[in-house]
Amino acid sequence: MKTQIKIENCDIPYCVIHTSRESQSIKDIAEKISRMDESGRTAFLNGWDGDYCIQVKQSEIFRIYSADKKVFMETERKTATGTATGRASTSENLLVKMRLYEFEELAEKCGWTDFIRISNTDIVNFSKVTRLDMSLSGIIKVIFTNGKYAIVSRRYMNKIKDQLNMVKKSNKR
């Protein structure tokens, strides 16, 4: 594919694709480019609210989870209001048109290291976690900044502890 970079005065870089016909591969390329920030990393994930496609920043995602054979993302979206700060947060659950393992692959490719799978149905953004409740025997409850929580399954317990450096290293001599 032929590429060209043109330097001109513009506030936000944009991309134009010239093609003789629209194809699925061209649509895929356009979608990938539209998700990128200036560094070339994917900055957004598309979520669906009915017929509306909403681009969500990875920093606004609490978790990606599956329910009723569908995948959703729980988000914190800032909306303009008449408050003193001028912005208020609302929590939304949006449909994601990909499987959990596809999201894991995307997060790895994009360098989103804060996303960790905690169960077969949940991937959590640990930058949105305020604390881990370990008061129940053998169970870890992940508590988010919005007050909601998710439970780490026993199958993922050691993986989570390893990733969060909670496992005591044995001294081998």
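This is a predicted model: local features need pLDDT of at least 70, side-chain atom pairs count only at pLDDT 80 or more; totals for chains, interfaces and linings use all residues.

Entry one, Ala-150. I then placed Ala-150 in the secondary structure, where the residue belongs to strand S10, which covers residues 149-152. Setting aside the neighbours within four places in sequence, I listed what Ala-150 touches, and the list reads Ile-118, Asp-122, Ile-140, Lys-141, Val-142 and Phe-144. I also checked the separation from Ser-119, which lies 31 residues away along the chain, and noted 9.3 Å between the C-alpha atoms of Ala-150 and Ser-119.

Entry two, Glu-76. Is Glu-76 buried or exposed? I read a relative accessible area of 16% for Glu-76, and I therefore recorded this residue as buried, given that the cut-off for buried is under 20%. Glu-76 sits in strand S4, which runs over residues 70-80, and when I searched for a polar partner I found that the side chain of Glu-76 makes a polar contact with the side chain of Lys-128 at 2.6 Å.

In what sense do strands S1 and S2 pair? I found S1, residues 44-49, and S2, residues 52-57, paired in the antiparallel sense over six bridges, and I noted Val-56 in S2 as the bridge partner of Leu-45. Two residues stand between the strands of this hairpin, and I wrote down that Gly-50 takes a positive phi near 70° there.

How values were computed: Residues are numbered from 1 along each chain as its sequence is written. Side-chain values use heavy atoms; hydrogens and water are left out. Helices (H or I, at least four residues) and strands (E, at least two) are DSSP runs, numbered from the N terminus. Contact means heavy atoms within 4.5 Å. Two strands pair if DSSP finds at least two bridges between them. Buried means under 20% relative accessible area, exposed over 50%, partly exposed in between (1.4 Å probe, protein chains only). A polar contact is a pair of N or O atoms within 3.5 Å; within protein, one must be able to donate a hydrogen and the other to accept it, and residues adjacent in sequence count only if both atoms are side-chain atoms.
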